[in-house]
Amino acid sequence: MSYARTANPSRRGILAAGGALGLGALLAACGDGGSQTSDKTAGKDGGPWSFTDDRKKKVTADKTPERIVAFTGTAAALADFGLKDRIVGVFGETLLEDGSAHPQAGDLDVKKIEVIGNAWGEFDIEKYAALSPELLVTHQYDAGSLWYVPEESSGKILKLAPSVAVQVAEVSLLKPIQRYAALAESLGADLKSKQVTDGKARFEAAAEKLRRAAKASGGLRVLAASGSADYFYVSTPAPAADLKYFAELGVEFVIPEDVKASGGYFESLSWENAGQYEADLIILDNRSTALQPKDLKSKPTWDALPAVKAGQVAEWDPVPRFSYQGAAPLMENLADAISKAKKLG
């Protein structure tokens, strides 16, 4: 996903096109994954199934859904919670040009799953219908929206199977992870399995590693950015689940001043003004649709940034996989980057 190529993209266009708490307190504060505890055992006895999603919609079925179609990152998260064999189709970036799996696919076997869309705006309804889907699952960024489900054809799509949406914006990282865990459990996943408990243990260790690195950095300033041909985008942590959680762990982010035009997500800077904010470390959007360091060498103001000159640039994945296994490496990598970086002034 790359940022839109306009100066003032909408929030949906943005996302599509383009004081620390102690760890124990933070985990406790986030609760156990939601208040819909009555959904967790629904359908396990072969009877009716239900789940209240983050649209506050109670989604029901006569029996527990077995054939799930989901946004690729969502499907990968559900697989991490033990539902790998239930995923029959995906939509969203899944396959790279050489046919290999996109990193967003996680541990999914993309050769065994029907890809009904491999980019924003792609959703083959005929392929979807042929899969006999019993449940569609995806993220929600804006209220009532279904991530990567084309709005113009959503009416036809949503008639074919019930849908579940999980809120992933304006919440901290743990919340959508726990909500996907709750959904997986309602569908029969065993959250006490070694796969899940090992993933959670790694997540907690990674969070502690990041907390310690941030504390030891002495206030290292981290700037989350993405580059396009015309603009340098500086993200603010509040609406981004990953950045919000990292900030709660003590990472000190550069906060852009003018994010109104982007719906509160980031500030668009012309390349002439790329140095407007001082930063010790830049974490850069690593998606193929955003400009990478080798591409940015053509931008004189990029090379002039103190963090770039110091070699203090690390990768950032703005669309995390909302599972313990998916999120842990993000924190491990950021902790390493912060530990290696030095304050620049």
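The model is predicted, so to speak of local features a pLDDT of at least 70 is needed, side-chain atom pairs count only at pLDDT 80 or more, and totals for chains, interfaces and linings use all residues. Residues are numbered from 1 along each chain as its sequence is written, and side-chain values use heavy atoms, with hydrogens and water left out.

Start with the sheet. Five strands line up in the order β5-β4-β3-β6-β7, forming an open sheet with parallel pairing. Strands here are DSSP runs of E with at least two residues, helices are runs of H or I with at least four, and both are numbered from the N terminus; two strands pair if DSSP finds at least two bridges between them. The edges belong to β5 (114-117) and β7 (163-167), and each has a single partner strand, so one side of each has no neighbour in the sheet. On average, neighbouring strands of this sheet are turned by 25° against each other, direction ignored. Axes are lines fitted to C-alpha atoms (for helices, over the stretch in contact), and angles run from 0 to 180 degrees between N-to-C directions. Within the sheet, β3 (residues 68-71) and β6 (residues 135-140) run parallel and are joined by three bridges; I68 has L135 of β6 as its bridge partner.

Now for the helices on this sheet. Helix α3 (residues 72-83) lies across β3, β4 (87-91) and β6, and runs at about 125° to β3. Helix α6 (residues 174-186) also packs on the sheet, where it touches β6 and β7, and its direction makes about 155° with that of β7. Contact means heavy atoms within 4.5 Å.

These helices also meet each other. The axes of α3 and α6 come within 9 Å and cross at roughly 60°. That makes α3 oblique to α6, on a scale where angles under 35 degrees count as roughly parallel, over 145 as roughly antiparallel, 65 to 115 as roughly perpendicular and the rest as oblique. On the α3 side, T74, L78, F81 and L83 make the contact, and on the α6 side I177, Y180, A181, L183 and A184 do. The residues of this contact split into eight nonpolar, one polar and no charged. Here Ala, Val, Leu, Ile, Met, Phe, Trp, Tyr, Cys and Pro count as nonpolar, Asp, Glu, Lys and Arg as charged, and the others, Gly among them, as polar.

S132, in the loop between α4 (125-130) and β6, has a positive phi near 50° without being a glycine. E170, in the loop between β7 and α6, is not a glycine either, yet its phi is positive at about 65°. S132 is partly exposed at 46% relative accessible area, and E170 is partly exposed at 45%. Buried means under 20% relative accessible area, exposed over 50%, and partly exposed in between, with a 1.4 Å probe and protein chains only.

Further along, six of the eight residues of helix α8 (residues 241-248) are buried, so this helix is largely enclosed by the rest of the structure. The buried residues are A241, D242, L243, Y245, F246 and E248. Just after α8, G250 takes a positive phi of about 115°.

Finally, strands β12 (residues 281-285) and β13 pair in the parallel sense over four bridges, and L284 has E315 of β13 as its bridge partner. Strand β13 (residues 313-316) has A314 and W316 on its covered face, with V313 and E315 on the uncovered one.
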